[in-house]
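Dear colleague,

I am passing on the structure we spoke about, and below it I have set out what was found. Please read the notes with the model open beside them.

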Amino acid sequence: MITVHHLETSRSQRILWLLEELGLPYEIKVYARDPLTRLAPPALKKIHPLGKSPVITDGDLVVAESGAIIEYLVETYGQVSAPELQHLDPERGSSEHFQNRFGCITPKVR
Ligand SMILES: N[C@@H](CCC(=O)N[C@@H](CS)C(=O)NCC(=O)O)C(=O)O
């Protein structure tokens, strides 16, 4: 089971969005921010040393960083759970894959 360690009002929302789009089952563990500093609670550091959100666990696997989580979910489950979203994971080595991964725009030929 995928668990999203979700810090309130954080970019972890984008992982919830992706999981919904992929139609995958998951559970959410919500962490409150410190009311004064707005930082994440120490409990999040027990999941991953960065102590930031988002972070997910999938069985024994722990994945931190939005981009890495998105890539992991799309590569691991994308083709099976949502074939119509295959374009999210273009063929490795293709220019589409490169553009998708880094959000780059092909430079104009001068
Ligand atoms: N580059 C990371 C940034 C993670 C990050 O800074 N998350 C914020 C929430 S949007 C956080 O955990 N803040 C609480 C803290 O730094 O203690 C990602 O995109 O996953």
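**Sheet, helix and ligand shell**

Val4 stands opposite Ile28, a residue of strand β2, in a model that, please bear in mind, is predicted. The strands concerned, β1 and β2, are paired in the parallel sense, with six bridges between them. Helix α1, which covers residues 13–22, packs on the sheet and touches β1, β2 and β3, while its direction makes about 150° with that of β1.

On its other pairing, β1 (residues 2–7) runs antiparallel to β3 (residues 55–58) and is joined to that strand by four bridges, with Thr57 of β3 as the bridge partner of Thr3. Strand β3 also pairs with β4 (residues 61–64), again in the antiparallel sense and over four bridges, and here Asp58 has Leu61 in β4 as its bridge partner. The hairpin of β3 and β4 has two residues between the strands, and within that hairpin Gly59 takes a positive phi near 65°.

Taken together, the four strands form an open sheet of mixed pairing, in the order β2-β1-β3-β4. Because β2 (26–31) and β4 stand at the edges with a single partner strand each, one side of each is left without a neighbour in the sheet. On average, and with direction ignored, neighbouring strands of this sheet are turned by 20° against each other.

As for the ligand, the residues around it are Leu7, Ser10, Arg11, Leu39, Ala40, Lys52, Ser53, Pro54, Glu65 and Ser66. Sorted by class, this shell has four nonpolar, three polar and three charged residues.

How values were computed:
Residues numbered from 1 in each chain as written. Predicted model: local features only at pLDDT ≥ 70, side-chain atom pairs only at ≥ 80, totals over all residues. Near = placed C-beta within 6 Å. Nonpolar A, V, L, I, M, F, W, Y, C, P; charged D, E, K, R; others polar. Pairing = 2+ DSSP bridges. Axes fitted to C-alpha atoms, helices over the stretch in contact; angles between N-to-C directions. Contact = placed C-beta atoms within 7 Å.
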